[in-house]
Amino acid sequence: MFLGHFGVALALKRAEPKLSLGTLFISVQLVDLLWGAFLLIGWERVRIDPGFTAVTPLQFIRYPITHSLVGTLAWALVGAAAYYSWPTRDTSRHWQASMVVGAAVFSHFWLDALVHLPDLTIAGEGTTALGLGLWRSLGATLATELLLFAAGIAIYVTWRSRRHPVRSGRLTGLVLFLLALFLASLFGPPPPDVTTIAVADIIGLLLLAAFAAWVDRPSLPGDL
Ligand SMILES: [Zn+2]
């Protein structure tokens, strides 16, 4: 899952407007960000096997720390606690905002479960594995990803306010950029090796979060 995660981030921005879209981009992709780091240090494993599914050439061999149900839940708690304890002067609705961060992190598992083959375990090897396997069909994958992304954009645009406006030009740039990345991942050549996947994953997700924070920055001087 790629675009769908960002759709959730865009929607959750309107559930808790004090959260930056950049924070939410990191939250919905926190376990993929950590997955990149764990691939580099060898704690999790993936294999590149072109044709493994109709959509992705990645065969996820072992990723219980980031992508098991229990693992993702633990990272959701870590994410919520990190947000809650982050030094800030604006502590209004702080508890609620932390819960939204946690929900954003946890949503990753359920969205991934739509597209992944049944390799998302409850608690690691030997436990039940979930995965609806939409990656077996290019059409079903495209429809699901685009629908979730479009719904997120619609919610983000509809529930704008004076204090939390939509910066149309910047948002359009972000949407087009994400669509281009998505199409490139679907129709481009498979990645050359696992190190490239991990490094591109980490740098890409961090840059996207910075882009989203810039898109979402309040436009009125003095606004929070
Ligand atoms: Zn994932």
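Leu-146 is partly exposed, because 15 other C-beta atoms lie within 10 Å of its own, and a residue counts as buried at 20 or more and as exposed at 12 or fewer. The structure shown here is a predicted model.

Leu-146 sits in helix α7, which covers residues 138-158. Leu-146 and Leu-3 are 143 residues apart along the chain, yet their C-alpha atoms are separated by 6.9 Å.

Helix α7 has 21 residues and reaches 30 Å from its first C-alpha to its last, which is close to the 30 Å expected at 1.5 Å a residue. Its buried residues are Thr-141, Glu-145, Leu-148, Phe-149, Gly-152, Ile-153 and Tyr-156. Seen down the axis of α7, these buried residues fall within an arc of 130 degrees, so they line one face of the helix. On the other side of α7, Gly-139, Ala-143 and Thr-158 are exposed.

What do the buried residues of α7 pack against? Their partners are α1 (3-15), α6 (94-115) and α8 (168-187). Leu-3, the residue whose C-alpha atom is 6.9 Å from that of Leu-146, falls within the range of α1 (3-15).

Is Leu-33 partly exposed or buried? Leu-33 is partly exposed, because 19 other C-beta atoms lie within 10 Å of its own, and 20 or more would be needed for a buried residue.

Leu-33 and Gly-204 are 171 residues apart in sequence, but 9.2 Å apart in space, C-alpha to C-alpha. When neighbours within four places in sequence are left aside, Leu-33 is in contact with Ile-202 and Leu-205.

Helix α3 also packs against another helix, α5 (residues 69-85), at an angle of about 105 degrees, and the two axes are 10 Å apart. The two helices α3 and α5 are therefore roughly perpendicular to each other, since angles of 65 to 115 degrees count as such. Where they meet, α3 contributes Leu-30, Val-31 and Leu-34, while α5 contributes Thr-72, Trp-75 and Gly-79. Sorted by class, this contact has four nonpolar residues, two polar ones and no charged ones.

Methods:
Residues numbered from 1 in each chain as written. Predicted model: local features only at pLDDT ≥ 70, side-chain atom pairs only at ≥ 80, totals over all residues. Helix = DSSP H or I, 4+ residues; strand = E, 2+ residues; numbered from the N terminus. Expected span 1.5 Å × (residues − 1). Arc of directions from axis to C-beta. Contact = placed C-beta atoms within 7 Å. Axes fitted to C-alpha atoms, helices over the stretch in contact; angles between N-to-C directions. Parallel < 35°, antiparallel > 145°, perpendicular 65-115°, else oblique. Nonpolar A, V, L, I, M, F, W, Y, C, P; charged D, E, K, R; others polar.
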